[in-house]
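This report concerns the arrangement of domains and the surroundings of a ligand. Please examine the sequence and the structure before reading on.

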Amino acid sequence: MHHNSGIVKALSFSAAIFLCASPGAFAKNFKLALGDAQGGTQWELGTKFVEKFKEKTGGKHDVRLFPNGQLGSEQDTVNDASIGTLDFSILAINNITPFSPTVGLFTLPYVILSLDDAIKLTQGEVGKELTENTLRDAGVRIIGWAYSGFRVLTNSKRPIKTVGDLDGVIVRVPKNEIMIATYQSWGINPTPMAWSETFTALQQKVVDGQDNPYITVHAMKFYEVQKYVTNIRYIFSLEPLIVSESVFQSQSDDVKNAILAAGQEATAHSAEFIAKSEDAIRKALMEKGMQISEPADGEKEWIDKATKEVWPKYYKSIGGKEKLDRVLKLLGRG
Ligand code: MLT
């Protein structure tokens, strides 16, 4: 009897040591940074991810969302996740490209022309390859995607329909070479600026315009400082959910699996969310006084200039012209 209880004590002692030593054994409060305000596609993806992650870990771990760039600019969050001081972030793909150039494939103008294209690319072989490249180049793992819709152009000056109408309009762009080159192909020099500074710059008229999806324009209340929208479709906005690879690798297998599965389920939710809410949001923006114009001639001049001038400049950084050809073929346009 006495002998047995000694064994039990010894066993529970070693179990306690094992628990202490095993990674992820303690309940943890992870942090998830969002560049956007509450209410956009980043928020939808983030809240669904948290719900599913908590479900899968039996409520043992929690993830807290920090919207509105509270944890730094979107590009800063990639650095922080890379060195392991931040756990998760959701940010626009264009703000990852500077760290992992092949991701530029997803910001080349007029490659992704629909939500279906976006889903096909992110969830197939191409997405897998870009996820591996981002892991290698930036130390962050893409575990989910928000589908945010086309980046439409907004400005406070006047309706813009033709490329020529851009003349004299100062447009803010992310610090992304491909987007800068696209506006240059349309004849103007845009102003690269961090997302976290954009609302104030529009409000103070340091810049006249910017581009982002309808849902982001709404979540960020840009209708308070912008009147005109041009319904261009040059980039379909993808916003990856990333996890710091060092944080990920320090988790138990159960937590790792919960992170990956929750990321997939949140991604499926994001696709449903955009499909059902974009129209209503566009209407809500019109009710707030925004005036929406279609680009002239079915966008032909915008498309011709951007694809002819920008694509060839980036063949090398995206991994060769063959990469783009493969993607176009996959999308039925090769
Ligand atoms: C940007 O314009 O920098 C991004 O699209 C902002 C965002 O994440 O919504």
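How far apart do the C-alpha centres of domain 1 and domain 2 lie?

## Domains

The C-alpha centres of the two domains are 23 Å apart. Domain 1 comprises 26-148 + 238-282 and domain 2 comprises 152-235 + 284-330, with bounds taken from an automatic or database domain assignment. Domain 1 gives 38 residues to the contact and domain 2 gives 40 residues, where contact means heavy atoms within 4.5 Å.

## Basis of the model

The model is predicted: local features need pLDDT of at least 70 and side-chain atom pairs count only at pLDDT 80 or more, whereas totals for chains, interfaces and linings use all residues. Residues are numbered from 1 along each chain as its sequence is written, and side-chain values use heavy atoms, with hydrogens and water left out.

## Ligand shell

The ligand is surrounded by 13 residues, the closest being Asp36, Glu74, Arg151, Arg172 and Asn212; a residue is near a molecule if one of its heavy atoms lies within 4 Å of it.

## Polar contacts and cover

Polar contacts are pairs of N or O atoms within 3.5 Å. Oxygen atoms of the ligand lie 2.4 Å from a side-chain N or O atom of Glu74, 2.7 Å from one of Asn212 and 3.2 Å from a polar side-chain atom of Glu239. The protein covers 100% of the 270 Å² of accessible area that the ligand has on its own, by the Shrake-Rupley method with a 1.4 Å probe.

Terms used. Polar contact = N/O pair within 3.5 Å; in protein donor to acceptor, adjacent residues only side chain to side chain.
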